[in-house]
Amino acid sequence: MRSIDANAFPHSSRRAWLQAAGALAAVAAVPAWAQSRAKGGGRLVVPFAPGGGNDVFARQMTHGLQEMFGYNMIVENKAGAGGNLGTEMVVRAAPESETYLLGHTGTVSINPELYKGLKFNAATDLQPVAMFASSALLLVVPESSPIRSVAQLVQALRSRGLQMNYASSGAGTGGHLTGEMLTHMLGVKATHVPYKGTAPSLTDVAGGLVDFSFSVIPAAQALVKAGKLRALAISGAQRHAQLPDVPTVAESGVPELAQFESSLTYGLLAPKGTPAAQVNKLAKEVLAVAALPAFQSKLGVEGAVPLLGDARAYAKKIQQESAKWAAVIKASGASA
């Protein structure tokens, strides 16, 4: 195991280092027989193409596992069907194969409800290992729009209804369903305009062709800084450190939105039946890496924040998110 120099992380907090130290001590306490691993190392499947936030998180995590524990885990991108192809690959993998999934709310809790006819259910056919991050969305309108707050957006939705439209990076994505959650909680309707990706959707919002969008933070923030979009709110439960002056949707003062919260949870999952000692060992290692300020800094660049939890906490989170999004999907009639 490679030693870690605290001086390498000048912005580290005492709490983060205590978390990492505790996790390291717990790993060291695991019996030697439980620490043996296949000579070829493990495999972390990312169910999306290279280059996005999921891919960045996976590569930072595997780098940390190699640096801290000498555990060689390669990243394998298996994109397709909204993340279902890569997810199914892990569902079908042998429990002892050291194959894991970089999962998030979309593939684990939303897709089982959204896609009809799936022959697996990621929420029940995979075994949580640990969760390490959460990412909210940014609600934006064109800079030229007269709408300057969530309350004004709500007023426009109530007066214009289906004449109002909102963009997303595709049907069934977090942006789509967060828009559906907003309109459902308000008891209004709006027209969803799906695009093939974040960039074209935000281009049309910036151009005034679409009224608003819930978008991943890095892409939207860049256009906000460029003066092409206006940020109205963060979809999560708390304000984002990179956008401290942007309130949450729940802070809008609109009574129906007081409990509004939409974010994606990221973590690792294993095939059902993976030995408990194997899961527990990896969980402690993942949490040790995720507690490092250097890793958390990478999360921040992608618009995410730390959310650390072991297998039990992650399983509870998956159950909560599955129930939440199932209700939104049923109410909206969304499908993919």
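Q: Which residue in S9 is the bridge partner of Ala133?
A: Two strands pair if DSSP finds at least two bridges between them. Here the partner of Ala133 in S9 is Tyr266. The strands S4 and S9 pair in the antiparallel sense over nine bridges. Strands are DSSP E runs of at least two residues, helices are H or I runs of at least four, and both are numbered from the N terminus.

Q: What should I know about the model before going on?
A: This is a predicted model: local features need pLDDT of at least 70, side-chain atom pairs count only at pLDDT 80 or more, and totals for chains, interfaces and linings use all residues. Residues are numbered from 1 along each chain as its sequence is written, and side-chain values use heavy atoms, leaving out hydrogens and water.

Q: Which residue in S10 does Ala133 stand opposite?
A: Pro306. S4 and S10 (residues 304-309) run antiparallel, joined by four bridges.

Q: Is S4 buried or exposed?
A: Buried means under 20% relative accessible area, exposed over 50%, and partly exposed in between, with a 1.4 Å probe and protein chains only. In S4, 17 of the 17 residues are buried, so the strand is largely enclosed by the rest of the structure. For the protein, 49% of the 336 residues count as buried.

Q: How is a pair of aromatic rings described?
A: By the distance of the centres and the angle of the planes. Rings of Phe, Tyr and Trp (its six-membered ring) pair if their centres lie within 6.5 Å; planes under 30 degrees apart are stacked, over 60 edge-to-face, the rest tilted. The structure holds five such pairs. One of them is Phe57 with Phe132, edge-to-face at 6.4 Å and 90 degrees. Phe57 lies in helix H3 (residues 53-69) and Phe132 in strand S4 (residues 126-142), so the pair ties together parts 75 residues apart in sequence.

Q: What is the angle between the planes of Phe57 and Tyr266?
A: It is 85 degrees, with centres 4.9 Å apart, so this pair is edge-to-face. Tyr266 lies in strand S9 (residues 263-271) and Phe57 in H3, so the pair ties together parts 209 residues apart in sequence. Both Phe57 and Tyr266 are buried.

Q: Which residues form one aromatic cluster?
A: Phe57, Phe132, Tyr266 and Phe295.
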